Each structure stands twice: as structure tokens, then as C-alpha cells.
Amino acid sequence: MPKSQFLDPKVLRAKSKITFKDIPVNQYDKTIEEEKVNFSNDDFMRIFRDMAIIREFETMLNSIKTTSEYNGVAYNHPGPAHLSIGQEASSVGQAYLLSRDDFIFGSHRSHGEILAKGLSAIEKLDDKELMEVMEDYFDGEILRIVEKVKTHDSVKDLAMDFLLYGILAENFARKTGFQKGLGGSMHLFFLPFGSYPNNAIVGGSADISVGAALFKKVNSKPGIVIANIGDASLGCGPVWEGITFATMDQYKKLWEGEMKGGLKLIINFFNNQYGMGGQTNGETMGNEVIARLGAGVNPEQMHSERVDGYNPLAVIDAIKRKKKILDENNGPVLLDTLTYRFSGHSPSDASSYRTKEEIEAWQANDSLIEYRLNLIKAGVANSGQFDEILESIKERMTEIMKLAIDYDISPRMDVTKEPDSIEKYMFSNKKVEKMEDRPVDVLQPMAENEQVIRNSKKIRTATLNGKPVPKLKQFQYRDAIFEAVIHRFYVDPTLIAYGEENRDWGGAFAVYRGLTEALPYHRLFNSPISEAAIVGSAVGYAMSGGRVLAELMYCDFLGRAGDEVFNQMSKWQAMSAGELKMPLVLRVSVGSKYGAQHSQDWTALTAHIPGLKSVFPATPYDAKGLMNSALAGTDPVIFFESQRLYDYPELFNEAGVPEEYYEIEIGEPDIKKEGKDITILTLGATLYRALDAAKELEEKYGISAEIIDARTIVPFNYEKVIESVKKTGRILLSSDACERGSHMKDIAQNISELAFDYLDAPPVVVGAKNWITPAYELEDYFFPQPSWIIDAIHEKILPLPGHVATSNYTEREQLRTNKLGI
């Protein structure tokens, strides 16, 4: 879309061919003797020790899962354990050069990666730094526990126990674990050491890690980001979307100054040859060597390479070289780390999909044995020294296990005694004006922005001196959202916005008109048509410490970002026991006129998912106030906007939409018209059709309707609605969502329970038909109309004298449509 880039047909249509560079495969061939210039004997031995710690940790979990004991200590653990026995060299090699400023994201099989990253951090941090980490984390609760194990030889020795205990206690769902038992085996992390969340969804970390790398880039933070995902994740769309997002040309061609250049990101595939029981090499994939895939992504071929993950020194060498590429702003990188798991997908996996001979062949290449023999051969250590290391590790693991299973020392959350143990983490409910305190990066003073100037001249009410304000002079719904958004851009230096058609075009519905002139490319940009990556990267950006405003052009596209909205955006605050925040606002436009796949109201989907706040303002005043609140908060908010309303003026607030900043509390409905005979609760654009119905009820039947705009989906304060029902004794609810399973149905049920004694008739919901959304010309037969509301009142709530219904709201029709599923 940028006019600076001319697409020349003569160039694009010219005859040519594409050539590829050779892709390195297992090229590392140095001996221990040759590497002695780079590693001391202590370094060589620490690498072995870290691999051995991971092996013993995983062996312990496997023993507990399969025999209910470890080293004579009995314990039954019913939870998951996806083990990486056999993959230790790849994890330790990767972590060896990383600092706490380097972030890693993992998968469901990432115990080893977290341990390796933690052990590497412990080695690099000094005693003071380590003590600060342990004393600060949960106010030193874990530190006080591990201090009981023994008299520690050093702070680093103590920190190792701290790391092992925090991970194991989390595996066992203890509230003394790193995530207080709310994350568990597949969602482990430890931020102080640069270990970011594992992800139980295959490939889930791919697009999230892109957002973390974006955060580092936009906010000039040190370090790189590594996404550790498995070979089978290449079958997942979000992985490819994440790669597409990570390799956008604009980073190198359109971003300017110090922001110019590629993301400091490694997409690393721990290629253990299997996805559950599916063999990726020869059965479920066709690439044979994952590294070849980088050649199809960008001219740099993502600097892709296969490295032998059974040799820790080979992985260290690869990370060193790839880090250099990233530090020169030439990323991202694709790394294919060849490895193999001896263990099954999980301990219940009998490995019936592979032969005993294959497993034994890889065990004969066991990295712990091979690396040990090479060190002995090179005179680094003798066999007895390795045996001592292994024995001490087993003793350490046994003591840590005893601590982690002791209910007096390591209890689980007592939800009976503390009923809010989990619910208090669902939302952070914080207000933070700016995520970092530093100057904002903008292109002009806000007062000089042409759209700001235009808006300042508009009339902020629908009428002036009793006359309607001409459309061109109205301050409209889209202007209200713009005003909230541009305000936050000039307050919070971390805020970025992106989606389809966000820059230059002014947003698909002109909400962002004027932002292109105000903001540099790295704060407002166009993304690929990759809804999963749009939301997934926003999750990564937010959990890393920034604030992000992402956009899905149509509500119907929520399905393309389903996992990212329903499993990632919604859950990480609670799964982290409040350690992570999610200052992410996702704008979602609810369409009309565009048929079955572009005109659906899916508010019920987001309402059903715990951990998401959802709002749906219907007026300019509410849109600005709610957007201001959403952009000042630390919780994930789905911000629904009806395309029907973008050009609507303010009809309700007599003073109009204030120019100054204000907030509307999320969760509070608003009475738009007072009445005494019936309550009508609306969500979204049906507010205006309800007003039309109320006018007809008043004029024809003398019925006074009280109109309440829900404004918010989750959370929702029922008090104002209940008070209205106490007064009127009747309520009808309406939205543009298909009636079956709509959020209004849920509200109706709650009202039935909360206001039963005050109701003269059951609550009635009027929604869209349970059909596909038809063409614009037929929409009046699909979406709720004023006449439908009146007919439903007449048939189900309060007979209206002389009224002749034109739509069928009889019980017989209700039974018929439900029987047919329509």
C-alpha cells in the first residue's frame, strides 16, 4: 500500500529465474581438542552436568508416572508429563550463550528448555543478582522452602535447588510452584531467567514469540527471542502465519532509523521426528529436512540450517553464529535442530508406531554417553568424576522431590478455605497510563494533526438549536474511537497498532484516518492477512510488557484467530497467577451488507471464554469512554464495533462527546430512555431499532418502554437492569446475534433467576434468525426489526389491544424452529 514502492510491470513480468543458496546440514565437525580454545574444562563439565540434570529430572517424572515412585519415594501424579528424554543436548546447547535478556518460548515438551535456560542464567548472574531474584519472587516463599533442603555450598548451589523445586512443584500443582500450580507442566516459565511461557497448543509459541521480538525491536530492548516448537507444528497454520509476520519486508524496507532491520528472532524446530505417533519424516510431512523451508520464505532463506542437536557443542556453535546475524539486524532465522526422544509422546505412550530397533539405534547415540566419552578421550575428566556428578544429581533430585510432595511444605491451593484463589487471577483490573515512562515516538504534535483539527471543528451532538446537524459536520462514532486511540498514542510510548489496512488507507472503516501522519511505521503498520498471527503476536507483545491495539477487520474472522483469542489472549494472566499482564485491545468490526461470512455477531463466543473482557458500545460517547478505559487497563479486551454505526452522531448525551479525556467503567450498562411499563435491554446496533419500537409502543399503545444499552458483555453489572425490572415487571432483550446460544439468552437466564419475584412474564429474547446472513437486500428479514420487538411483546409478554402481528412469535413457531434446528 505505501506509495513509495512502485510495482513496475516491466520488472515483474520480465523473464527470470529464482536461485537458492545451499542450506547447511549438520556441518559442525570440530573435536573436543579443537574446542579447548573456546571452552575450559569447567565449561565442558558444566555442559554435561546440565544435560544430566535434565535427564534425571525427566527420568524422575517418568518413573513417578509409570511406577508411582522415584528412588524409593512413593508418589502418584495424575497430571501430564510430556518428556524430552534424549533431547538434552539440544536444550543445553541452545541456552549456553543466552542471557536473561534473551527470551525463550516453549511447547508442551519444554521442561528441559526451562531447566537449561535457568541453569545458564544461574551461571551468568552474580550472587547478589541471584539473591535478588529469589528474594523477590513471591516474596521469597520458594527461597525459604529450598533453604531447608540442606546447607548450600554457594548461592549458585541454592539457586539450582530453587529452580528445580519451582519447576517440580508447578508440575505437581502446588501453590509454591512458579505459577502457583495454575500453569502446570505444559505452561511453565520463569521470567527472571528469560524463560517465557511453554504452550500446550502445538505451535502456539510461534506467533507469540514474534510479538515478543516485535516488543524488543519497537522498544529498543536488548536480547533475542527464540521460539522452540516441534517439527509436527509445521502442520499448524498459525506457525506459518507467524513466520510470514516475522519476515515482512517492511521491517527492512519501510521502517526507518534504528528501527530498520529484521526481527531478532529464531524460529527453532526441535525436530525429534515425531508428532505424537505421526512420523514427520516420511509420513505426515513432505519436507524431509525442515531447514529447506526457509528458502521459500524470503531472499535470505531465513538463514536456515540444520544442526545436529545430539552434539551440544554443535548447537552452541549454531546459536553463536545465528545471534551474530540477529545482532546485525538481518533476522529472523529458521533453525532445524535434529534430535530424538527416547520417551513416548507421554508416559502412557507405548511407542507402538516405531520399532525397538529404531529406539535402540538412537540410544546408542545417546548424547550424554557420547559427549562423556569424548570428554574422557580428550582428557577433560575421568569416568569417576562423571559418576560423582550423576550420583550428586540423583541425591539432589530426591531431596527436591521430597519437598515438592510434602503437603505441609508444598500445599495446593485450598479453594474451599479461599474460594477466590483462582478467580482473583482471572483479571488484573489495573489502570496503567503508560507501560513505560519515556517520550513517545511521534511525527508531529497532536495539535497539528489534520484529523484532530477537523474533529475539533465538528459539532459533538446530533442536533444544534433543535435542528439536525449535517453529516459532514457531525462528530461521529468513528471520530470518537479515533480520539481515544490517538490520545493513548501520545501518552504510552509502547503502544502500537496493526491489522489489515491500518496504515495509509486510514483503517478499513476510516477510524484511523489521520494516524498515518502522526505515527512512524513501527507504531502503526499493516499486517499480513494472518488473523492468527495478528492476535498471537499481540499476545506476545503484551505479555512482554507493551500495550497493543490489534484489529480484525470482521467479526467473522475470529474463527481464523480462534486459538489465539480463546486459549492465549484469555488465559495467560490466570495461568501465570497474575505475573503476566495482557494490555491488549482487539478491535472487532461486526458487519452487515456483506452476506453470510462477513456479517455475523459472534459476541457469544467471547462471552463464553473466561479471562476476556468484551464491550460493544453503540454511541460515540460510550465508544470513546470505553476505548479510553480499555487502553488504560491491563486486561485483554475484545472491542466490538458495529459497521452500521460508524457514521452515527451522539443522540443521548445532551452535552455531546467531550473533547477532554474521560473513561466509562467497563461493565456498567446505561439507561438510554426511561420508562415504566417494560424494560428493553439491547446490545450493539439494535439499540436504535429498540428506540423506534419504543416510540411506536408509546404512540399506538400507551406503553412506556425503558431502554437500557448493555454496552459491555463481560463483566456485567446487573444491578441497574434488576432495578428497572422491579419497576416495569417485564423485560425484552435484543441483539443482532443469531438468537440460539446468543449472549442475550444468557443474560435472560440470569435475570430470570435474579428477578423472578418481580417478573410478570418470562424474559424474551429477540435476535437474528438462525440462518446464514443473507444479502443486504434481504437483511430486514434476518436482523431484528422494530416490528419484531413489538410482535414479541404482544405475543409473549403483554397483549397489545388491536395489534396484528406480522412476525410469528408463538409457542408453536418456537417449537417448530427448534425441532428443525433453525
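**Reading strands, helices and a sheet**

Mentor: β22 and strand β23 (residues 764-768) pair in the parallel sense, over 4 bridges. Two strands pair if DSSP finds at least two bridges between them. Helices (H or I, at least four residues) and strands (E, at least two) are DSSP runs, numbered from the N terminus. The model is predicted: local features need pLDDT of at least 70 and side-chain atom pairs 80 or more, while totals for chains, interfaces and linings use all residues. Residues are numbered from 1 along each chain as its sequence is written, and side-chain values use heavy atoms, without hydrogens and water.

Trainee: Which residue in β23 is the bridge partner of Leu732?

Mentor: Val764 is the partner of Leu732. β22 also runs parallel to strand β19 (residues 678-683), joined by 5 bridges. There, Thr682 has Ser734 of β22 as its bridge partner.

Trainee: Why is β22 described as largely enclosed?

Mentor: Buried means under 20% relative accessible area, exposed over 50%, partly exposed in between (1.4 Å probe, protein chains only). In β22 (residues 731-738), 7 of the 8 residues are buried, so the rest of the structure largely encloses this strand.

Trainee: What unit do β22, helix α26 and β23 make?

Mentor: A right-handed β-α-β unit, with α26 spanning residues 743-754. Right-handed means this: with the strands pointing away from the viewer, the path from the first strand over the helix to the second runs clockwise.

Trainee: How do I describe two packed helices?

Mentor: Use the angle between their axes and the distance between the axes. Axes are lines fitted to C-alpha atoms, for helices over the stretch in contact; angles run from 0 to 180 degrees between N-to-C directions. Helix α10 (residues 237-246) and helix α19 (residues 531-543) pack at about 75°, with axes 8 Å apart. α10 and α19 are therefore roughly perpendicular (65 to 115 degrees; under 35 is roughly parallel, over 145 roughly antiparallel, the rest oblique).

Trainee: Which residues of α10 meet α19?

Mentor: Pro238, Glu241, Gly242 and Phe245 in α10, and their counterparts in α19 include Ile534 and Ser537.

Trainee: In what order do the strands of the open sheet come?

Mentor: The 7 strands run β13-β12-β14-β15-β17-β16-β21, with mixed pairing. β13 (524-526) and β21 (712-714) are the edges; each has a single partner strand, so one side of each lacks a neighbour in the sheet. The twist averages 20° from one strand to the next. Strand β16 (residues 613-615) pairs with β21 in the antiparallel sense, over 2 bridges. Ser614 stands opposite Val714 in β21.

Terms used
Contact means heavy atoms within 4.5 Å.
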